Amino acid sequence: MSDNKLQSQIPDGPLAEKWTRHKANIKVVSPANKRKLEIIVIGTGLGGASAAASLGELGYNVKIFCISDSPRRAHSIAAQGGINAAKNYQNDNDSVYRLFYDTIKGGDYRSREANVYRLAEVSRNIIDQCVAQGVPFARDYGGMLDNRSFGGAQVSRTFYARGQTGQQLLLGAYAALNRQIAKGSVKSYTRHEMLDLVLIDGKAKGIIARNLETGEIERHGAHAVVIASGGYGNVFFLSTNAMNSNGSAAIQCYKHGALFANPCFAQIHPTCIPVHGDQQSKLTLMSESLRNDGRIWVPKNIEDVEKLRKKQIKPSQIPEEERDYYLERRYPAFGNLVPRDVASRAAKERCDAGFGVNETGLAVFLDFSTAIQRLGKKVISERYGNLFQMYEKITDVDPYKEPMTIYPAIHYTMGGIWVDYNLMTTIPGLYSIGEANFSDHGGNRLGASALMQGLADGYFVLPYTIGNYLAGEIQTPKTDTNHEAFDKTEKEVKEKINKIFNIKGKQPVDALHKKLGRIMWEYVGMARNEKGLKKALESIKELRKEFWSDVLVPGENTEFNQELEKAVRLADFIEIGELMALDALNRKESCGGHFREEMQTEDGETKRDDKNFSYVAAWEYKGEGETPQLHKEPLVYETVHLSTRNYKD
Amino acid sequence: MNFKLKIWRQKNNKSKGRFENYTIENVSSDTSFLEMLDILNDQLICTGQEPVAFDHDCREGICGMCSLYINGRAHGPDDEVTTCQLHMRKFKDGDTITIEPWRSGAFPVVKDLVVNRYAFDQILQSGGFISVNTGGVPDGNAIPVGKEDADESMDAAACIGCGACVATCKNGSAMLFVSARVSSLAKLPQGKIEAKRRAKAMVAKMDELGFGGCTNTQACEAECPKAISISHIARLNREFLCAKLQD
């Protein structure tokens, strides 16, 4: 069932030697030729910033685009807990193979062995690189790097900088980027949004961007385009993503023929602050690192639940023997540190059974009392001080005294633009890195692995693999932005903006986005079934009509206009939502973050179907109103033996 | 809860701004300040008016994008939080709330409450980095860093680049911002090598971009949402003076 469209380019040879062999075989571009080549990078998160900086250092001419006023605002900044690396500094028998294996298993056997092995391999270089850049990782008293544990692993391999690891890693990459901007090798375009991709003779040759400050539509040409625009979790409206995070760049690529892989694989993070009302704009994540020392529970007795809801008792008044530490009960080997999808479903199971601990019935406790007794308040405060402070500011509850309440929320999307081993999409010259691509996390990403993948792609993979393509472009002159392809694409972009702008309907963008979010959460959220997914597909179609006939965008389109930005992004979220539902309907198995209710064991665990679904589902756009075509890339396991994920013993 | 809002409206960088009055009703005390503005904008849009432009993104206090001057204080009345983490329970029912953009010559207004902080990027581009390329670096544990030094470096590195310090300072000085970066890197052996050159370059850039000088009023520290200490300014001054003496 292999598909001509999907050539994964996985190198031959033993797993541990593939990347080394591949590097030896791919082409390189000489310094004199690098100076002649231009690369566009979309996004300035860990992937985009690290890639642009590294490509600039190599001598390429790079243009980098971000939608914020500074590259440092990218949402990687909000990652809290840490970054994994197979350093084995703790002497707990960690290795490249173990990190590889944990990642494959954590992803429920839906990622490529070769990609994941490479990720584990270069993870070690990332730590070295970040230390050299001055990232202030946590240290022990001997001056050595400290580690903590994270979900889905039995070793301590997570490096961290308090609860702000993403911020510190991004500031490292941003500093490297700034150094190149000062040198002139990278040109930075802030408050610019890519609105379309330009292809010439089937190759990615540039973009159409909107200057968000002036509303001006601009053309930018290059020899290659790199999409590092992050994930599409905001399709749910309420998610842990930043408000401006969006999937528009990826969707534009999809509409030009780049295949979109595994869109239904979205991660629901178990430890977020619960929803408080319908005026809420976003959900706040409480780092997974909290599960190192926090214990998750609900009361054993329904009477206690009712008293809690009526605020007749405080959670700390419920005695130890009346508490159900359900993760420790169900998964003794991993306890509170089971992977995110498992922890999320377990919380849903308890809440569905009526044991949710707040007024909405959608919350469980994350309790630090045992850890505070064991380690003292000072140690806990050193580890999680800023998270505790953030929690108190939002909820007005002091987590040193009473347990946190948490509930799962959409956090990360494993699906994304299909890429081969070189991180190139199905469009020649178009690359995708970080969360924007689909490649390394399969059906579920392990905690502290997003930062690892973003930086692996940007620092250590793309700078090599892009040379293999660009070596064939050294004779190609600079892209002429007066080419008719730019005329045509620019015209389409302007027409689309005018169309949205001229609808002048009744509903603000957010009202429609909330409707989309409700459809997605209800039918394409934590538990999915055939009937619900079909209903979602219908409802999304209706919503699309509603959007294109009733959206209201005030102001003018030739100025700074945040409502227009949101409207353009929502039009694309509707497309993504539909694609997610379609993919979820097709994948009739439960796997990682994708839980099909029809496919579960008697005790509610996921039931994977390796015989029929051990493939990457890559969707090809077939035009407006047409059903996308499914392509399958079979997943071949040469090293790992496929087994049922077991976190019980 | 009900509030009267007095909000700065300004069409663009070239036009003159003015305050406009609005009222907002039935806001839950659990609503965040920015959610309150979302609700207001929803009302404005539905009644055919233009919504208030304001910068925001992560809404969890880390991206540094939100930037409001609320009742005369950067990020509002609560301590050690950004505007997005501020909740309406910090106000009294019926309060009048005045909302302005950051006021600083170095941060031009884009529209309403949105300003540009490109100047911060430019300062960091002038030297806020360690000159190391990707690859070819030693093992992470080959450069031991004392825990206290790492912790202090991290204290300074917590800066989110929001610009509250500049907006608060009567001189419009960026010294707290610059010193946080200089100090964070100078505390680490890997950053020590370029420390003097870095301090000199960043201070020169700051002056060039029109930020004012520091007169030690300590207002910046008091309003910093991440409680960055002005002791970093002392370290910056030390590095800067040493560099100048060596010239």
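Start with chain A on its own: it has 18 helices and 19 strands, where helices (H or I, at least four residues) and strands (E, at least two) are DSSP runs numbered from the N terminus. This is a predicted model, in which local features need pLDDT of at least 70 and side-chain atom pairs count only at pLDDT 80 or more, while totals for chains, interfaces and linings use all residues. Residues are numbered from 1 along each chain as its sequence is written, and chains are lettered from A and ligands numbered from 1 in the order in which they are written.

**Whole chain.** Zoom out. The C-alpha atoms of chain A fill a box of roughly 75 × 60 × 50 Å along the principal axes. For 649 residues, a compact globule would have a radius of gyration near 26 Å, and chain A agrees with that at 24 Å (taken over C-alpha atoms; the globule rule is 2.2 Å times the number of residues to the power 0.38). Of the 649 residues, 61% are buried, meaning that 20 or more other C-beta atoms, placed from the backbone, lie within 10 Å of the residue's own.

**The core.** Now select V226(A) and I227(A). They have the most contacts inside the largest nonpolar core, which has 284 residues; such a core is a set of buried Ala, Val, Leu, Ile, Met, Phe, Trp, Tyr and Cys residues joined through C-beta atoms within 7 Å. Show what V226(A) touches, leaving aside neighbours within four places in sequence: among them are I39(A), V41(A), A51(A), Y431(A) and L462(A). Here, two residues are in contact if their C-beta atoms, placed from the backbone, lie within 7 Å.

**A covered strand.** Next, pick strand β11, residues 266-272 of chain A: 7 of its 7 residues are buried. β11(A) pairs in the antiparallel sense with strand β15 (residues 404-413) of chain A over 5 bridges; pairing takes at least two bridges found by DSSP.

**Two domains.** Colour residues 269-410 as domain 1 of chain A and 484-634 as domain 2; these bounds come from an automatic or database domain assignment. Their C-alpha centres lie 31 Å apart, and the contact takes 6 residues from each of the two domains. Which helix gives the most to the domain 1 side? Select α10 (residues 340-355) of chain A, which supplies 5 residues. By class, that side of domain 1 has 1 nonpolar, 1 polar and 4 charged residues (Ala, Val, Leu, Ile, Met, Phe, Trp, Tyr, Cys and Pro count as nonpolar, Asp, Glu, Lys and Arg as charged, and the others, Gly among them, as polar).

**Across to chain B.** The contact takes 65 residues from chain A and 67 residues from chain B. Elements giving two or more residues to the chain A side include α3 (46-58), α5 (113-133) and α13 (450-470) of chain A, but the largest share, 9 residues, comes from α6(A). The chain A side has 27 nonpolar, 22 polar and 16 charged residues.

**Last stop: G166(A).** Stay with helix α6 of chain A and find G166(A) in it. Is G166(A) buried or exposed? G166(A) is buried, because 27 other C-beta atoms lie within 10 Å. Leaving aside neighbours within four places in sequence, its contacts include S76(A), I77(A), Q80(A) and L451(A). Finish by drawing a C-alpha to C-alpha distance from G166(A) to G81(A): they are 85 residues apart in sequence and 7.8 Å apart in space.

Methods: A residue is buried if 20 or more other C-beta atoms lie within 10 Å of its own, exposed if 12 or fewer, and partly exposed in between; C-beta atoms are placed from the backbone.
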